[in-house]
Amino acid sequence: MAVQNKRQGPLSAHTVVDTDLHLRIPLDDLAKYMDEPHRSIVENPTFTPVDRTGWNRYMGKKITKNELPDADAVQEHVCGEFQVDYPLINAFPVLASVPEDDRAVHMMRAYNDYMLDNYLDKYDHFLGLASIATQKPDEAAEEIDRISTEKQIVGVYLLTSTGTHPPLGDPKYDPIYKAVQDNNLHVAFHGSAGAPFAKDFPLQNSHFNRFLPTHILSHPWEMMLTMTSLLVEGVPVKFQDINFTFLEAGISWVPYMMFRWNKDYSMRRTEAPLLEKSPEEYIRDQFYFASQPVGEPNDPEDLKRIIDIMGTNRLMLATDYPHWDFDHPDALDKHIRQFYDEEERAKILSGNAIEAFDLDI
Amino acid sequence: MTTYTVLDESELEDGDRIVTEIKGREIAVFKLDGEYYAYLNWCAHQGGPCSEGNVTGTYEAYYNEETGETSLEWERENEILNCPWHGWEYDITSGLCLSRKTVRLPSYPVSVVDGGIQITL
């Protein structure tokens, strides 16, 4: 149901879930949620801090840097201006870049506690994805058991397979997926064009001297790597109750992967022997995709063709706010209003997210 | 419906196959565990001569929810036909494609009459 008192506009009559909303928690504030010795290391990072690294997103002063420093800012900008009823918030940590695995585990817990105290506890209609460090899967599973008792936590947030070694389909991570399934949660993957990507795609990063090509390639490559790892290892077969959501790579890469996977699978089925149906069917049955960044074809009908191939039951609205490349909700909704009926629009604005994360709204 | 005698029973060993041409169609006859099977020699993928490919076993994997272990087993030795062009797998006993559940090789009735292997088209 739609939250009361939302701003009037094209979305005011609909329930809207924004599936990708980011925090940027200052390390000094995060450190207050940690014990020593990790607190001092996080306060005074001297080696691979987990803040953003590398490329300048803002081109000097050309793009204004936005932040959501507190829950009221989410309420004002996202729920107010963007007419979002239910923001699905992630703390946006880059835990895969933390070299000390025990520090990564402590930071994981701190990120989750910080998000709960400072955001989810402030507004009942805020939802959250729990941050998970993958270095120690058994301890990640313990954290999932702990955090899943919070009713506003509806899933876990995993940094995609760059910086995460081995890739996320590896049986090493089965304890994480088992804990997710046992606690009736779901999974969302998110990439990064920063440090983790530079770590695993060093040539790509060093051979381009602008952020533009790095950013274009990073997210879809990371999602392709993650999806491929999940399928080849049979993760959706082993954990059939989990829905897997792919954030911040848009959707145009999805049909390509469906059909390429089908083709290669039929030629080399014995190398993905856990699969019991075509790869395309797993993608259509258990995988969901967030809209941002909405592709911008010269002919808007081309976007409709992509959505039609993927199916309107796989697509979920996402803004990626407050990042420099965020989509205003209307970037997607203007196409949906033009090309689809109200029933399908409702699925994209909230119905698919309700299914993907079993939301009780 | 016409019946064609394609070869003498004694000419086809168990586990072996022949490819013959009847009315312009290439048809393969397999003998496996005493049973005969006849399929069109035309892979559903890209029209490759699937019946001329190697006959092998295949890998199947099993996930045990209780233990969390995945076991990989090599099974069905001599029952799996592999198209030589791209490796599409077919079950010789059913003609079913292992990777695409809706795909099956066109098949023909086979009978043995007076020692002769006959195919009905």
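User: Which order do the four strands of the open sheet in chain B have?

Analyst: Strands of a sheet pair through backbone hydrogen bonds, either parallel or antiparallel. In this predicted model, local features need pLDDT of at least 70, side-chain atom pairs count only at pLDDT 80 or more, and totals for chains, interfaces and linings use all residues. Residues are numbered from 1 along each chain as its sequence is written, while chains are lettered from A and ligands numbered from 1 in the order in which they are written. The open sheet has the order β2-β3-β4-β8 (chain B), with antiparallel pairing. Strands (E, at least two residues) and helices (H or I, at least four) are DSSP runs, numbered from the N terminus; two strands pair if DSSP finds at least two bridges between them. The edge strands, β2 (17–22) and β8 (107–108) of chain B, each pair on one side only.

User: How many bridges join β2(B) and β3(B)?

Analyst: Six bridges join β2(B) to β3 (residues 25–32) of chain B, in the antiparallel sense. Within this pair, B:T20 stands opposite B:I27.

User: Do β1(A) and β2(A) run parallel or antiparallel?

Analyst: They run parallel, and four bridges join β1(A) to β2 (residues 86–90) of chain A. A:H22 stands opposite A:N90 in β2(A). Strand β1 (residues 17–22) of chain A is mostly covered, with six of its six residues buried. A residue is buried if 20 or more other C-beta atoms, placed from the backbone, lie within 10 Å of its own.

User: Which residues have the most contacts inside the largest nonpolar core?

Analyst: A nonpolar core is a set of buried Ala, Val, Leu, Ile, Met, Phe, Trp, Tyr and Cys residues joined through C-beta atoms within 7 Å. The largest has 110 residues, and those with the most contacts inside it are A:M107, A:I144, A:V156 and A:M316. Helix α4 (residues 101–120) of chain A gives the most to this core, with 10 residues.

User: How many residues of chain B are in contact with chain A?

Analyst: Two residues are in contact if their C-beta atoms, placed from the backbone, lie within 7 Å. In this model, 17 residues of chain B are in contact with 16 residues of chain A. The largest share of the chain B side, five residues, comes from β5(B).

Definitions and conventions
Buried ≥ 20, exposed ≤ 12 C-beta atoms within 10 Å, placed from the backbone.
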